[in-house]
Amino acid sequence: MSRARRWEKIERPFVAKELMMSDYIASIGLEVHVQLKTRSKMFCACPAHDESEPNTAVCPGCLGMPGTLPVINREAIRKTVKVGLMIGSKINRRSTFDRKNYFYPDVSKNVQITQAAAPLCVGGGIEIDVGGQKKFIRVNHIHQEEDVAKSLHMEHSTWIDFNRAGMALMELVTEPDMASPDEAVAFLVALKEMLVYAGISDCNLELGHVRCDVNSSVRPVGSEQLGVKTELKNMNTFKGIHRALEYEIERQMETLRAGGTVVQETRRWDDPTGQTLPMRTKESAHDYRYFHEPDLPPIVLDDATIEGWRAELPELPAAKRARFMADYGLPEYDAGVLTADRAIADYFEAVAKKSGQFKASSNWVMGELLRALGEQGETIAAAKITPDALAALIALVEAQTISHSAAKEVFQELFENGGDPEALVKEKGLAQVSDTGMIDQLAEQAIAANPKVAEDYRAGKEAALKFLMGQVMKLSRGAANPQLATEALRRKLQ
Amino acid sequence: MSGSPVDWGVSEAADALARKEVSAVELAQALLARADKLEPQLNALTWRDSEAVLTAARAADEARAGGDSRPLLGVPVAVKDVLSVAGQPCTAGSKILQGYVAPFDATAIARLRAAGCIFIARTNTDEFAMGGSTETSVYGPTRNPWDVARVPGGSSGGSAAAVAARLAPAALATDSSGSIRQPAAFCGVTGFKPSYGRVSRFGCVALASSLDQVGPMARSVADAAAIYQAMAGHDARDSTTSARPVGDVLAAVRAAKDLCGLKLGVPAEFFMPELDAGVAQRVRAAVDECRALGAQIVEVSLPHTAYGMADYFVLSAAEASSNLARYDGVRYGFRADADELGDMYDQTRGQGFGAEVKRRLLVGTYVLCRGAAEEYYRRAQQVRTRIRRDFEQAFAACDAIAGPVTLTAAFPLGARRDDPVSMYRGDSLTATANLAGLCALSVPCGFTAEGLPVGLQILAPAFHDELALRIGAAYQQATAWHESRPPMGED
Amino acid sequence: MTMNDSKNVRPFDVRGVAGLARIALADDEAAALQTQVEGILAWTRQLQEVDVKDVPPTESVADGETVWREDVPEAGLEREAALKNAPLSRQGQFVVPKVLE
């Protein structure tokens, strides 16, 4: 599936609710849980996976059997630290793990290993762009933790699959800097783009790779103190978050306008009815009794390790967009489309550098290539047309060796079967005839064979030229260079 | 060769097996027969499967016939019922783990298995290793082979009684505040708590993660050292194990002959008012024996000794409250009937845990709560630092520390049942070693006037396990207390 | 019996704590435990006699740092072995009674 389409084109609701917000300011904070793309789980060596038969990727450790102990997955730490580096966090040189104690069947030990006292990354943030307005959203911290099992709620029982239990999770907590549903979603889109770019997570929302707890509050304009906040837990689509926030902020404002107070509580988004509803949770359950995880020593990171990881970071989307505009002279739109997917951006650069034709390269990648990939449901990695081949094809068009329409035919062949454009052009006899002598002859032939049409043209009928052009193309079996042919006809018809 | 096969220690049994004077099957049979005879009175074992044991023994004999000459091949070892042995039940003496069969080996077990040992039986323990008398087990109390009206000590009372009564030449056990050393002292056997991080805790039912250690019990230091050597060392599955090399401890132990050049510190605070006079006398005599062996005896001070047990209690209860949260009837073990999840949790744990476990879980949960954690839990962590510093200072003036293991000899069954704190106080002399992560050895050093065993404790700095064992070995070269046998089964 | 210690420490309430620890207690059991635990806590309060000013807490006596493993997957338990100890399972999943919302 082509990833070139930006979020605005597919996920934005057709009608965004107009929130009447002249008297209130909203503050939105997000706790984003991201499943990291590691090969094994966070604290045990069970394979990470997405879809498997229940309870086939489990071991005594992630099942919480007696006597088991956690062992940290280095790759998870590396990925989380890299996110911190990308967003400008301070990386804690000494980072520790803590136990969060609460009973729930999807937590196999009834203890979740997380980080409370000394998380891996502190501070940092992401700049978002909403309707041309740039805003910096601050991040409070990023920490490492383990995921919970999957529960299936039946009528009288709950069924549990521990395949997901213990998967490496990164939790990123923002400051309540977002002031609208649009800003919240813009933040998530920017974060997702960064995470996919750097190979941190596939961020496949359908597979539950990204889950958010969404906190929101409102306060009257002019008030410095944040209002009472409510929490929406475990939201896993950007569209759902947008709609839920629209409703919740409206609800809070209406409550306050009517003289009421907002209750601090956890609510859930009920999509069918389009409203948030309170969840009945026991207040006493919330004392998690955090304490240092005695089974895990601290992670101490030295400068060499951190700088080594920093060197592995890719150029981020925003920087790449700016560079494309500057170095290749591309308009913002092109830069946006080309950088939406890192592999496509890399492909474009290879083509552009080889052909030297920047805009043409952009047009071909954005146009024919993305179209073809979309039709076949393929990713660029599987494409049989190499950047060199596309660059060579572009060169042929620029040299007027083939017409644009002939080039499209060659492109399709290259896309489906690979190959060399020059060889294909020869094989199919698609080379344009650009020899002016030849073309003059063909023009004379066409005019001689159609004297009436020639008269019509001299009488002022432009359309007659088109007919004669068609004849020239027929005589040349499509190989005549259309521009030269048109020119030759006009000359000869005078 | 002393007595019959049941009397052999680890080295003697290993030698006899190597020389093919006895087969592993014959040795196992002799021990199983003795268990059949003594268990009705002793109740040291929670599980034994003769078929499985003899199958393993036969395999050992076949291996030896094929040229396998591993030193511990065919040597039987008993296992405290908190260590996972693949295919065996692991109940931690609790109703809540009834029916649970471990699907994997603890690392300590795997290493002994790789050394050729046979696991002959599982031994009784206080429920979840919480106790000092082996009276809280769901299997009922174990008795002391020296006096069946008395406790064997705890929580590793089953292992101590089994070794003392000659149901096995050695046993594995665990020590969080004295659970190896105290029963070793009460039963007249040798028990060793390795330095924290020396033996993997993977596969050991966790009580207090920052305090627990797995260790050997046997009838001599040399035997305990042999078992320790086979188990000790870094384990990738336990992130708290040390990467430091273990060294050839067994060789050092075998070569030990005197204590010349050793500075032995005796802490004044260990000889506290509550220390029984008979015990004190025996321990002081043992210290004199060390002096006669060439040790220089120096007085040292461990000012916070009296706070050790309370400190241990707060920290271990807190960790235990978290470690035991997994016992909820969801994935294994006992599950109470209930139609609703919350009820299922509450009833399973309410019915599955005994009174002492409940007491500790309530204390542990409370001391981690908002509003209590700062004053109880964090303070206890700070006191722990002071206790560690006490030892650092003391070890600047001596190489190792000697003193009593327990305040009294074995007490009568039921004597401390109604007063939990009196039970806890019994570990006053042993808990500080766990808090500081030191290694500590208990060796028999005589008897009280009532004929009850007394233990001598040797403490060495963390990762100086070889030193503690060498001292104990030298002591046992010069004395014969460890060779005494309890009257039980001596007919 | 007074349970008030200094510094605003929350008092021990057996029902509340048993709720957090998810342990059902009969009434007489709860009453007995309230007394016993209060007694134990009173005994542990001897630690207040120790001067801990500026003393850092000990979180562990392990001697390692940065202990981690490479991201290499290993086979764990076969499903049958994983479910073998389960009190109740169905179609390869662990089954528990539903939680009342």
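So, H2(B) crosses H3(B) in a right-handed way, where right-handed has the near helix turned clockwise from the far one by less than a right angle, and left-handed anticlockwise. One caution, everyone: this is a predicted model, where local features need pLDDT of at least 70 and side-chain atom pairs pLDDT 80 or more, while totals for chains, interfaces and linings use all residues. Residues are numbered from 1 along each chain as its sequence is written, with chains lettered from A and ligands numbered from 1 in the order written.

Back to our pair. Helices here are DSSP runs of H or I with at least four residues, strands are E runs of at least two, and both are numbered from the N terminus. H2 (residues 24-42) and H3 (residues 50-65) of chain B pack at about 155°, axes 8 Å apart; the axes are lines fitted to C-alpha atoms over the stretch in contact, and angles run from 0 to 180 degrees between N-to-C directions. That makes the two helices roughly antiparallel, the word for angles over 145 degrees.

Now the partner chain. The contact takes 61 residues from chain B and 48 from chain C, counting residues whose C-beta atoms, placed from the backbone, lie within 7 Å. On chain B's side, H13(B) gives the largest share, twelve residues.

Which strand do the buried residues of H11(B) pack against? They pack against E3 (93-97) of chain C. Those buried residues include B:Leu341, B:Met344 and B:Tyr345, buried meaning 20 or more other C-beta atoms within 10 Å of a residue's own, all placed from the backbone.

Conventions:
Angles under 35 degrees count as roughly parallel, over 145 as roughly antiparallel, 65 to 115 as roughly perpendicular and the rest as oblique. Two residues are in contact if their C-beta atoms, placed from the backbone, lie within 7 Å. A residue is buried if 20 or more other C-beta atoms lie within 10 Å of its own, exposed if 12 or fewer, and partly exposed in between; C-beta atoms are placed from the backbone.
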